[in-house]
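I opened this notebook to keep track of what I looked up in one structure. The entries follow the order in which I went through it.

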Amino acid sequence: MAAGVRKRARAGPPPRLAGLCGQWLRRAWQERRLLLLEPRYTLLVAACLCLAEVGITFWVIHRVAYTEIDWKAYMAEVEGVINGTYDYTQLQGDTGPLVYPAGFVYIFMGLYYVTGHGTDIRMAQHIFAVLYLATLLLVFLIYHQTCKVPPFVFFFMCCASYRVHSIFVLRLFNDPVAMALLFLSINLLLAQRWGWGCCCFRHPSLAVSVKMNVLLFAPGLLFLLLTQFGLRGALPKLGICAVLQVVLGLPFLLENPVGYLSRSFDLGRQFLFRWTVNWRFLPETLFLHRAFHLALLATHLTLLLLFVLCRWHRTGESILSLLKDPSKRKVPPQPLTANHILIVSTLFTSNFIGICFSRSLHYQFYVWYFHTLPYLLWATPARWLTHLLRLLVLGLIELSWNTYPSTSCSSAALHVCHAVILLQLWLGPQPFPKSTQHSKKAH
């Protein structure tokens, strides 16, 4: 009998041990789930993804063939400046005349010297790989400060985009340089360094001096400046931008001011139909027609105005109140130091609206908004837009940008995805802090 008792007693520990192991496994699984779903783990996931990206970009550089598109043209254009030509109308490369502002010239002049007059392509690829990793870090810092996007989405933003890796390290376009400066400026704005942020960002600015697509963020930034400082407070910060652009372009302005301004800030430049990603389903005659361009511009401005009036400006006062000094308004503005979401939402939405109604999108333009898509889809989602639907939208956008040459179906799919994002931005919850709503009610 005693032996039987002893045998039963010995049989006890294994079930307890199994129970402890089961609890540990369940806890590990729960933590892993939280790691992928909780935005507070953004930096941890970001660190792991950046380490993985080091290997991925190294593999892409050494295993995938480099494709020459604009690099030689860039080098020929800056070589003309090095040789003493400051008249923009006389600067050109294999793909045509120089059409980028002065900041582009200085940055790619540095690359010209570092890469042996542009001949060391492998060195250039490694430099752009570093630029890609720096861009990722800047983007992750933005997402960490807003704390709105689940970390599992970053796997799709980093490792699943062939086109973005190609634009950075296989094509060496200038678009990534402008976007890196743009994300740097947003980080400065989130740190309340408005003067420095405007220097890197707003027109005229460093980012715009590389490529003008950064102007699509300008309406959002102007709204934020007026909200926080009023017209009188915003003017000095805009003045810093103007002075910076004049300084950058001074050698070219002194030589031929009309040529510099008309070439580097040509808003009416015509795009080739064969490179368009977003309007392939249209007849080429309509794509090139001026009335179509004006209709897109009118729609762009109308939608921006609707977002300003109905989504961004929520104090109940007239929109003209933004011109007043903040201390003289009926409803004082909420300090943006505590509302990173408002800053990022306004800027990213402003840019996205411009993307939706662009006259044409070429393949390298994907980086203009690629890193903002997770935020636009997850930060303020409408209830009907589930995780699966949002991932489907991301996948269709990626597929559209990877279809070469573009087709009517790929262009139409891209517009459908853009429409879904616009609709959820309009219908989703407000990105304003509760304190703003409370102050409005109290008033």
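Entry 1, a charge and a ring. I looked up Arg 280 and found its charged end over the ring of Phe 273, 4.9 Å from the ring centre; a charge sits over a ring here if NZ of Lys or CZ of Arg is within 6 Å of the ring centre and within 35 degrees of the ring normal. I note that this is a predicted model, in which local features need pLDDT of at least 70 and side-chain atom pairs count only at pLDDT 80 or more, while totals for chains, interfaces and linings use all residues. Residues are numbered from 1 along each chain as its sequence is written, and side-chain values use heavy atoms, with hydrogens and water left out.

Entry 2, the chain as a whole. I find 20 helices and two strands, taken as DSSP runs (H or I, at least four residues, for helices; E, at least two, for strands) and numbered from the N terminus. Of the 443 residues in the chain, 51% are buried, where buried means under 20% relative accessible area, exposed over 50% and partly exposed in between, with a 1.4 Å probe and protein chains only. Among contacts between residues at least 6 apart in sequence, 77% join residues at least 24 apart, a contact being heavy atoms within 4.5 Å. The accessible surface comes to about 20800 Å², and 68% of it belongs to carbon and sulfur atoms, by the Shrake-Rupley method with a 1.4 Å probe, where for residues only the protein chains shown count as cover.

Most residues other than glycine have a negative phi, and most peptide bonds are trans. I noted Cys 147, which is not a glycine but has a positive phi of about 55°; it lies in the loop between helix H6 (121-146) and helix H7 (153-158) and counts as partly exposed at 37% relative accessibility. Leu 172 has a positive phi of about 60° in the loop between helix H8 (162-170) and helix H9 (175-190), and at 0% relative accessibility Leu 172 is buried. The peptide bond from Tyr 404 to Pro 405 is cis, with omega near -10°, and Pro 405 lies in the loop between helix H18 (387-401) and helix H19 (408-427).

I find 33 aromatic pairs in the structure, with rings of Phe, Tyr and Trp (its six-membered ring) paired if their centres lie within 6.5 Å, and planes under 30 degrees apart counted as stacked, over 60 as edge-to-face and the rest as tilted. Phe 223 is buried at 7% relative accessible area, and Trp 312 is buried at 5%. I also noted one aromatic cluster formed by Trp 71, Tyr 74, Tyr 100, Phe 104 and Phe 108.

What does Val 169 touch, not counting residues up to four places away in sequence? I found Val 60, Ile 61, Gln 125, Phe 128 and Ala 129. Val 169 lies in helix H8 and is buried at 1% relative accessibility, and its C-alpha atom is separated by 7.6 Å from that of Thr 57, 112 residues apart along the chain.
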